[in-house]
Every structure is written in C-alpha cells, then in structure tokens.
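Hi there,

Here is the structure I promised to pass on. Have a look at it first, and then read my notes below.

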Amino acid sequence: MPRRGIRGRGRGRAAALAPLSVWRMTSEQTPVVWPLIATSGLPPTGAQMGLDLLSGGAFYCDPVGWVTDDDIPVTNPNVVVFGKPGRGKSATVKAFALRMLAYGYRTLILGDTKDEYEPLCRALGVEPFVIGHGLPARVNPLAFGPLGHGWERLDTSEVRRREALVFARWLVLLRGLVASQSVPFGPVEETAVGEALRMLTGYRSGTTRLTEPTIPQLWQTLDEPPPELVRGCRYADRRHFLDATRTLRDALGSLVKGSLAGLFDDHTSIDVDWRAPIQSLSLSRLEPLGDQAVGIALTCLNSWGQAMREIADPGDLRIVVRDETWRQMRLGAEAMKSLDANLRLSRRDADVQILLAHKPSDMLTAGDATSQAVAIARDLLHLCDVKVLHGQDQAVGDELGSLLGLAPTAQRLVTGWAVAGKGRALWLVGDRAFKVQTVLTGPEVRLTYTNEALAAGGPT
C-alpha cells in the first residue's frame, strides 16, 4: 500500500498525526482525569493474596500495616472470614499465614476442630498438639503465663498491676464457664471465687512465689472451705457459705467430673515452642461430645492463649486463628466477653485475630434478638475492620445487608460472582470494597485441600 493510498478517484488517503495533548500527573491524580482507570488504594505491603479484579493489579493483605497507615480507614487488625463450606475461606487463611511468615509473623491455631491445619503444621516441621480423652496433652486455663515469671523480684506497684491482670482474666474465664451452664455469676460468686484463688496462689498470705491453681483445686476449696475463706467472704459460718455457693460449686463440679474431665483440670503438660512458625491445638477428638463441650474447650483455650500472650517480646508478631467461634458464642454472653476482650486487645499485642464462620447470622445464635449476648455479637462484627466475604447462598443476601451494611450491588457479588468460583471473595477493608480472586501456588493447593473425606486422594 503506497503511503498516500491507491491512486484513483475517491481512493486517495493522506496520513496525518492524531491531535494529542500531553499531561504529567501522579498515579493518584490519573483516575480523576481518566475515571476508567481504577486503583486499589492499598499499598503493596504484606501477603500478596491474588488479583484485585476491579483494578487488574495484585491485592496485598497487611492488617497491622493498614492500622498504622492513617490513609486507610482501619483502626484494628482483626479479620472475620465468612463463607459457605467449600468456597475457600480456610484456604485463604492458610495462604495468608504461610505468606506472612516472610514478614516475621507466626501463627497460633486456638482450637482446630476439624484438623484442617495439621498438613500445614507438618509441612512447616511442627507436630500439632491433640487434646482429647486418653491423650497426654493438658492445658491449664488458670495458668499464670509470662505474668507469673519473676514475681519475687517485682516492686509493689508491678505486683499490683500483674495481680489485677491475672485475676481479672481468671474471673472472665470462670464467669463464662459457670454461665454456660445457666448458673448466675453475680457479686456473691465473684467474691467467693476471687478469695479462693488468692488463697490457692498464696497471694493473700503474702507469698513471694505464687502457686498456680487448677479448676479442681478451686472447686475443692469452695466445696470444703477453710475458716479463713468463710471469714474473707464475710459469712457467719461454714453452713451459710455452703448454702450461698451451692449452684456455683455444682457448676464447677460438672466441669471437673463431666464430659471434659481430664482435659483442662491439671497443670499444662505441653511445651509450646513459641519460636516455631506455627502451633496448633487440635480439638477434633471432642466432636462426639457435642457443641457445648467444644465451646467450653474453646473458651478454656481462649483464656490460656491470652495468658501466653500477655507479655510478648518486642517484634513477636502473631496471627491467631479462631475457627468455629459460633460454638463459643452459643455458651452465652459471659463466654463471649472473653473473646470480646481478645479482639479489643489486638492493637496492644500486635496480634492479627482471625475469626472464621459460615455466615454472619451464626454469631447471633447466642440468644434472643434483644439479649445482651446478641448485642455483644453485633459489636464483635464491628471490632473486625477487615471482613472477607466468600460465596453465600441467595438466602444470606438480606443478612449481609442488615448486619454488615452491604449495598445491593455488593450483595450480588457475594451471592453470585463469588459462588461461581473457589477463592473469590469481597474484601471489606474499612469502608472500601475489593473484588479479589485468591491465587494459590501448587504446594499451597495441596496443603489447603480439605476434601479428603469426599474424594479418594488429593487434587491433581
């Protein structure tokens, strides 16, 4: 073809340059001038999770980094992950934990109810701890944790501070365990338990080296109260004390002699290597005991895990995964307060708390619509500034709107687009929404495969 086109009538063509206007601007200004170009608005820090399909770029997850960045509307590093079974929520969490290893994060699985994290642990050279009847692993939910170290060398003000933290944590735990059996835990019960714990530890007598108590010891002390306990609780005599604390003692006795006997009623027998990349405590052997038993076990592990993290070394960054949290929530308002406290302390401890559930309404099964437990459950959703919404059925669309404030367009993404493929999720980072496809590597696919019971062998 000649430069000026083919010769002939009406067939000529002259080449001309298109009129262009050249502008220079930053990448933040470009979307304003040309709005069809989208940008994620998040810095490329943390774990690269996959593709942001709205901008076409990579999507990175860095909850702690988002909190420290004033330009991102995130005030806490807590993450809640929702999704119907098989939509890839556990694979997303496992990929995140693996990829954050490069940034110094370690992972703690507080209650693996289905042994989903065992392959990941073994791939990282860690054998998970298994808690169940007939097994040697024991966890004492009344453990001191690091706060009990070097007590005899502390000054008076530090002793008072640590004492307040330890006994407050124990009271939150015991209030939840007792209330889970529909037994009230008011000022009378709190006074009796507090005095008994101070006697058992030796704190009341001024001992410089405190003794770690256990739940059976607490129950035995309340069931056979010494005279100083009766006087400390301001009762006229031993019979008056026993009559006033009868339901409390029965509730604690059922924990010692009930379905969880031998699991949380002795000193901790496991030696956790906190420098390992991951640690997991398996509760799968408790599944036959029912939801309440698993929920009580999760509550005990929750208190124990909090104790282990109360004094963390500088730079000790941790991802704490809490699966099946709805079982703990069903124990009532008091059991939920322990979980609520952990989420509120995540900024102080530099922990990324990850909660997994099937759908938002699972958290509202703790009680009646107007109960305190449901009010706390709603607050828990607001304590997680990062929400990952995997595929859901159409019936869940309305609760996504009412509980999470999702617009109809976002609801359709969760109930439509996200259902059509594994790993698809709508990420809510503060008030920003991102349409993300999680991308797994070959080894990650094998480590996150959870359908062994449904198919012979793993993925090809």
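**What turned up**

Leu53 sits in the loop that links β1 (47-52) and β2 (57-61); helices (H or I, at least four residues) and strands (E, at least two) are DSSP runs, numbered from the N terminus. This is a predicted model, where local features need pLDDT of at least 70 and side-chain atom pairs count only at pLDDT 80 or more, while totals for chains, interfaces and linings use all residues. Residues are numbered from 1 along each chain as its sequence is written, and side-chain values use heavy atoms, leaving out hydrogens and water.

Leu53 counts as partly exposed because its relative accessibility is 41% (buried means under 20% relative accessible area, exposed over 50%, partly exposed in between; 1.4 Å probe, protein chains only).

Next, Ser180: you will find this residue in the loop between α5 (156-179) and α6 (187-201). Ser180 is buried, because its relative accessibility is 8%. A polar atom of its side chain lies 2.6 Å from the backbone oxygen of Leu177. Beyond neighbours within four places in sequence, Ser180 is in contact (heavy atoms within 4.5 Å) with Gln292, Ile296 and Leu331.

Finally, Asn302 belongs to helix α11 (residues 291-308). With a relative accessible area of 0%, Asn302 is buried. Not counting residues up to four places away in sequence, Asn302 touches several residues, among them Leu110, Gln328 and Asn342. Arg322 is also one of those that Asn302 touches.

Best wishes

Methods. A polar contact is a pair of N or O atoms within 3.5 Å; within protein, one must be able to donate a hydrogen and the other to accept it, and residues adjacent in sequence count only if both atoms are side-chain atoms.
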